[in-house]
Every structure is written in C-alpha cells, then in structure tokens.
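Subject: Structure for your attention

Dear colleague,

Please find below the structure that I am handing over to you. My notes on what was found in it follow.

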Amino acid sequence: MRKLISALAVAGVAFTGSAVAGSHSEAMIKEGQAIYHGKSRGNCVACHNIQDPITNQAGNQGPMIIAMKARYPNKAELRAQIWDATAKNPLSIMPPMGKHNILTEDEIDAVVEYIYQY
Amino acid sequence: MNIIKSTLLGLSVAAASQMAMAATTGATVATVDPEADRIALQEYMKNRFPDTPMSEYVNGIYAVDAASRAQWEEIEEFPPYELDLEKGEELFNTPFANGKGYADCFENGGIGIRQNFPYWNDERKTVVTLEMAINECRMTNGEKPLGWKKGAIAEISAYMAYTSRGNEFAIEIPNDEAKAAYLDGKKFFYSKRGQLNLSCADCHLTGTNRLVRADLPSPALGHTTHFPVVRSKWGNIGTLHRRYEGCHRDSRSEYLKPQSETFRNLEYFQTYMSNGLIVNGPGARK
C-alpha cells in the first residue's frame, strides 16, 4: 500500500509538473509571437518571413524562418544568433537584439520558443 | 539541410565580399581613392541590377523596382513639388531689405549651378552645401537664416535644382584636406551605429531593393541627385539633411543635426559618388 501511494504521488507530481511546463511554454510561444510581429517590439517580421497565418507585410532582408530545428539542432545557438548576430558575421544587418538591449533576456527566450516551431 | 546551410553561408559571404568590393580603396587619406570608389560602387550596382542603365540611378528605388516605378510615374504626372517650385522661384527673385538678392551671391546668378554643390572651400577648410550657401547669402545681406529642413529653404533649393536639371554632377576633391572630408563621409556611410547597429550601407547597399516590411531601401548610387524631395510620408518638401536626420534617428542613434560637419561630409561623399549622373531635383518620393 505504501508503495502504491508513493507511486501515485510520483505520478501525480510528474503529471502536474508536465501540465505546468506545457502551459508555461504555450504562454511563452504566444508572447514570442507578439514580440516577433509587434512593430514596436521585436519587429522581426520586418526582415524575416514566417509561415504563421497572422504574418502581415513580411520583409526579406534576412532568411525565412523555416526548418529551424534542422538549421539549429542546438537551441542555444539559435538564441546566441538572435542575441548578437554580429558575433558570427560582423557585417550582418541584423540588430544585436540582446547585446544592444533591444529585447530583454526573457523576450529573447520567448521569441526562440516561438520560431523553434517553424 | 547542409545544402540550405551552405547556400545561406554562400549568400552571406557573397554579400559581404560584394560590399567589400564596393569600398575597396582604404580608410586613410593616403590610401583612399575616390574615383576608384565611385567606379566600384557603379560596378556593384551593375552586378546587382544588370538591367538598369547607369543613368537611371537618379530615380532611386524606381530605377530598380518596376511596381514602385509604376506608382511613381502616376505621381509624377501631376508633380507634387510644382507649387514649391513656384514659391521657390518667387522667393529666389524677391530682393532682400538691402536691395540685393540670391542671384548676387552665386555664380551665373544662381541659375544652373546645382551640380557644383557641395564643394570644398579651401579658405574655410570645410564642405559648403547649397543650403548652407543660401543661408550665408541671407546673413551676408542682413537677413535671418532659414530653418534647414523644410519650407522656404527647400523651396529655394528646389528652384535652383530645377534650373540645373540635366547638368552632370562634377564634384571635385582638390587636395588632401578635401580628401579627408570625403573620407569622413565615406566612413560615416559604412560604419554601423545606433542601438540597431545599422550603417547606411546595410540598407542602401547590401539591403537595397530588399523588403523591410513593405518598404524597399533605395540604391546608394544617385541618392543626392533628386533632392530636395516631396516625400509622401512628410506631406511636404524637405532637404537632403532632413532625410539624413530621419535616417540616422531610425538607426536609434543620438542623431546629428542638419548641416553638421559630418552630414556635410556625407553629402560630399555621396554626391561625389553621383558624379556623371545628372541633376534631376526636385523629386517625389514615397
């Protein structure tokens, strides 16, 4: 009986844990979407097209946001690229979103979650 | 995926090397060669837009984007700067309180001389722009200077450009001090700045004719030929330095003031790049 209780308890914790993680990341994706498309926020869409139905007047200065998991198997590398694209290419037109405090660290995390779906 | 990656890498290397090509001649007075810079910029544009004749670059984005051009041609059927030209001519011909006028301050009575501005003034060791000369003419004759960005100064400048339409820009760099001013302008053009870390070249060389939202940045070549312009966004006529200030502000920099030394040097650099192109100001832009 004790074994059963603790097994249930573990399962319960695991269940609750994953539910929290799930809603947390959905909220983050939503926030990332708002930042990505918001003109006075990240305005990422000004340069990068993305296959989200809400996309309006996307630019093409930068590459399209597509196949992100394949292009960046390591999510941290994608984050680093957004934080400061000039680290890899000093001539990059992309503003260093983190290095120049254009977005906060949390906002960058949210954008990473959003675009990592595409 | 490796193909995508290497293609993307290839593209960015190509863009970087093309950009390097357009500014090959060095960053010191000893090594910079304005004429080689001018030819390199033309070559860059020829590679990017093989179907665009060199003489078309006086028309900005309308030289390279057919859709924008069609809209612009409709606008030009009833030029939005016509009233400004009339006012400019009237202001130009209205005598100052002392009886003298603008015609007394300029070569050839101020008619057909736009292509010689800006020029290096060796006595004053500075670049003199047309707008600066207009205001200095006023002050020499006891009048108050005009605001630099819009209104009367843009109208007078528009009229003076209009009387020079078709004349080829012929900017001279007579000595090393002038070359240093040119170099200062060139450095400003290619240097990244502001919170957005943007150089003029980022948008108007590498990024020209590529979309920023719904906007297409114009090619850097020929930038200065058609000013002053009536810009739809402004809703009235404005000077080149008004545009410089706005562009500089858009990079989220602590932007410079119109007719500051650096902006004058930038105009000197950009207009030298336009040598051989014709004056076609005033213009209409989106």
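In chain A, 48% of the contacts with a separation of 6 or more are between residues 24 or more positions apart, where two residues are in contact if their C-beta atoms, placed from the backbone, lie within 7 Å. Before going further, please note that this is a predicted model, in which local features need pLDDT of at least 70 and side-chain atom pairs count only at pLDDT 80 or more, while totals for chains, interfaces and linings use all residues. Residues are numbered from 1 along each chain as its sequence is written, and chains are lettered from A, and ligands numbered from 1, in the order in which they are written.

Chain A has 4 helices and 0 strands, and its pattern along the sequence reads α-α-α-α; helices (H or I, at least four residues) and strands (E, at least two) are DSSP runs, numbered from the N terminus. Of the 118 residues in chain A, 25% are buried, a residue being buried if 20 or more other C-beta atoms lie within 10 Å of its own, exposed if 12 or fewer, and partly exposed in between, with C-beta atoms placed from the backbone. The contact between the chains takes 18 residues from chain A and 19 residues from chain B, and the chain A side is made up of 10 nonpolar, 7 polar and 1 charged. In this count Ala, Val, Leu, Ile, Met, Phe, Trp, Tyr, Cys and Pro are nonpolar, Asp, Glu, Lys and Arg are charged, and the others, Gly among them, are polar.

**The domains of chain B**

For chain B, the domain assignment gives domain 1 (18-79 + 174-285) and domain 2 (82-162), with bounds that come from an automatic or database domain assignment. The centres of domain 1 and domain 2 of chain B, taken over C-alpha atoms, are 23 Å apart, and 24 residues of domain 1 of chain B are in contact with 24 residues of domain 2 of chain B. On the domain 1 side, the elements giving two or more residues are α7 (176-190), β4 (236-238), α9 (240-250) and α10 (261-273) of chain B, and α10(B) gives the most, with 6 residues.

**The nonpolar cores**

The largest nonpolar core has 62 residues, and those that touch the most other members are B:Ile134, B:Ile156, B:Ala158, B:Tyr182, B:Phe269 and B:Tyr272; such a core is a set of buried Ala, Val, Leu, Ile, Met, Phe, Trp, Tyr and Cys residues joined through C-beta atoms within 7 Å. The largest share of this core, 8 residues, comes from α6(B), and at least three residues are drawn from each of domain 1 and domain 2 of chain B. Leaving aside neighbours within four places in sequence, B:Tyr182 is in contact with B:Pro34, B:Ile173, B:Tyr268, B:Phe269 and B:Tyr272. A second, separate core of 17 residues includes A:Ile35, A:Cys44, A:Val45 and A:Met97.

**Helix α2 of chain B**

The buried residues of α2(B) are B:Pro34, B:Asp37, B:Leu41, B:Tyr44 and B:Met45. They cover an arc of only 95° around the axis, which puts them on the same side of α2(B), the arc being that of the directions from the helix axis to the C-beta atoms. On the other side of α2(B), B:Glu35 and B:Asn47 are exposed.

With best regards
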